[in-house]
Amino acid sequence: MSSYYNQKEHILWIGEHAKALFKATNQSVLNKYENHLLLYEQDTNELYTNATYLNSTSSEDELDYDLNSMKEPVSKYLKKIKAHSKPGLLIGSPFELLMQCVIDSAHVPQVNVLNESAPMLFEKVHRSIPKNRHHLIDLSNQNVLFLKSDVPFLDLKREALETFKNAQQCLSSTMTADVNMTNLSEFLFRYQENHDDAVNETEGIAFL
Amino acid sequence: MNRELLLKEILHRHKRLIKSVIRQYFKDDFSDDVYQEVSISLFKKIGEEKEALLERWTTGNFVAVVVRNFCISETRKAKSKNRIQTKNFEDDDALIRAVHGSTFTDPEEMDYFHTSKKINVFEALSQLNDKDREFIMLRYFQKNSIAEINDIMGVTNSSVYIDRAVKKLKKIIGDLDDNDSYEIIDGDPE
């Protein structure tokens, strides 16, 4: 009986910076993973079969590039990816709104233990999503690699810091690397074997 | 950070803001062209500006200021082009008519003006300072209204400036050619 999931671990490349790195990464290393690209709009010069363009998936004429507008389509996309793939790695720049939107869509599942007062043979628990936050999705088994860079503007810096905090709370592990890193192929090759070793042994990548 | 990708991100985020500022200065027909020009201008600004200076800005404020300055400078350029065009007054009989306030019915009289007086008027205009010359050009050649000239020149009472310029012109022409007397209209050119 074949598994419901695709056997390969997936990598979700989010935004333009990630796309630039995706293009520079060794193809044989990429083949070991199931790659998905999440981008805002299609570049006329490039076409990726595994890319999803949020702008074209929207039923409206043009999807605004802001957090509120992108929440719903991003959430739908993440649910779809999650349903069909093994837990994997998210790669993107924390300064991009699309990456921030993905991290904002993650939430920590709240485990409510019922009947705390009376000790029982078994504890009835359920995972709940807060009301009016149906776009949130559990990404607690996903890792994230942030592509850090020096950004001059105040608001971008502030948003990136918030994204780091959210990611640390809601995702399994948070790693950072320079956006101009050249050894991503090496990292991904090792990452397939062992996540922690890959981070420790690859230069320029560290846990946040 | 890759400046090109940073600009792409900023343009995506503030597309609406940029277009709304552009619409304040340009008609919708030109807004796409101006949007492209603005993108180039933003790219240059982000590239040239020192990072220490950019740290004071949020992206929204930075974009709004750059786009507004760009639009203002472009509208100024367009206005100054109009002014330069009006200064090209070779073979422009309107100059004679405007300054002398006369309409010619007799061809001989016209010829006389062309051969003898036109040179004096051009000389007189060339002796005026730039500002006075511009007021005369705007009023008597472009036939702008006083309100329009107020806007273009950034003054509130352009009629006063025009009067002064016309008086100076009269005086200069009088000095150049003492034998003839000129009557300069200083009312509505229409």
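# Exercises on a two-chain predicted model

Strand 7, helix 6 and strand 8 of chain A make a right-handed β-α-β unit. A crossover counts as right-handed if, with the strands pointing away from the viewer, the path from the first strand over the helix to the second runs clockwise. Helices (H or I, at least four residues) and strands (E, at least two) are DSSP runs, numbered from the N terminus.

This is a predicted model: local features need pLDDT of at least 70, side-chain atom pairs count only at pLDDT 80 or more, and totals for chains, interfaces and linings use all residues. Residues are numbered from 1 along each chain as its sequence is written, while chains are lettered from A and ligands numbered from 1 in the order in which they are written.

## Exercise 1

Find how strand 7 of chain A pairs with strand 8 and with strand 4.

**Solution.** 
- Step 1. Apply the rule: two strands pair if DSSP finds at least two bridges between them.
- Step 2. Take strand 7 (residues 143-148) and strand 8 (residues 173-178) of chain A: they pair in the parallel sense over 6 bridges.
- Step 3. A:Asn143 has A:Ser173 in strand 8 as its bridge partner.
- Step 4. Turn to strand 4 (residues 86-92) of chain A. It runs parallel to strand 7, joined by 4 bridges.
- Step 5. Check again: A:Ile91 stands opposite A:Leu145 in strand 7.

## Exercise 2

Trace the sheet of chain A and explain why strand 3 and strand 9 stand at its edges.

**Solution.** 
- Step 1. Follow strand 8 to strand 9 (residues 205-207) of chain A. They run antiparallel, with 3 bridges.
- Step 2. Write out the order. The open sheet has 7 strands, 3-2-1-4-7-8-9, and the pairing is mixed.
- Step 3. Read the ends. Strand 3 (51-53) and strand 9 of chain A each have a single partner strand, so one side of each is left without a neighbour in the sheet.

## Exercise 3

**Solution.** 

## Exercise 4

Describe the contact between the chains, then the confidence scores.

**Solution.** 
- Step 1. Define contact: C-beta atoms, placed from the backbone, lie within 7 Å.
- Step 2. Count. Chain A gives 17 residues and chain B gives 15 residues.
- Step 3. Locate the side of chain A that touches chain B. Helix 1 (15-24) and helix 6 (154-170) each supply at least two of its residues.
- Step 4. Sort that side: 11 nonpolar, 2 polar and 4 charged. Ala, Val, Leu, Ile, Met, Phe, Trp, Tyr, Cys and Pro count as nonpolar, Asp, Glu, Lys and Arg as charged, and the others, Gly among them, as polar.
- Step 5. Read the scores. The model has ipTM 0.79 and pTM 0.65. Chain B has a mean pLDDT (the predictor's confidence in each residue, from 0 to 100) of 73, and 68% of its residues reach 70 or more.
- Step 6. Flag one stretch. Residues 179-190 of chain B have pLDDT below 50, with 21 contacts beyond near neighbours in sequence.

Notes. Contact = placed C-beta atoms within 7 Å.
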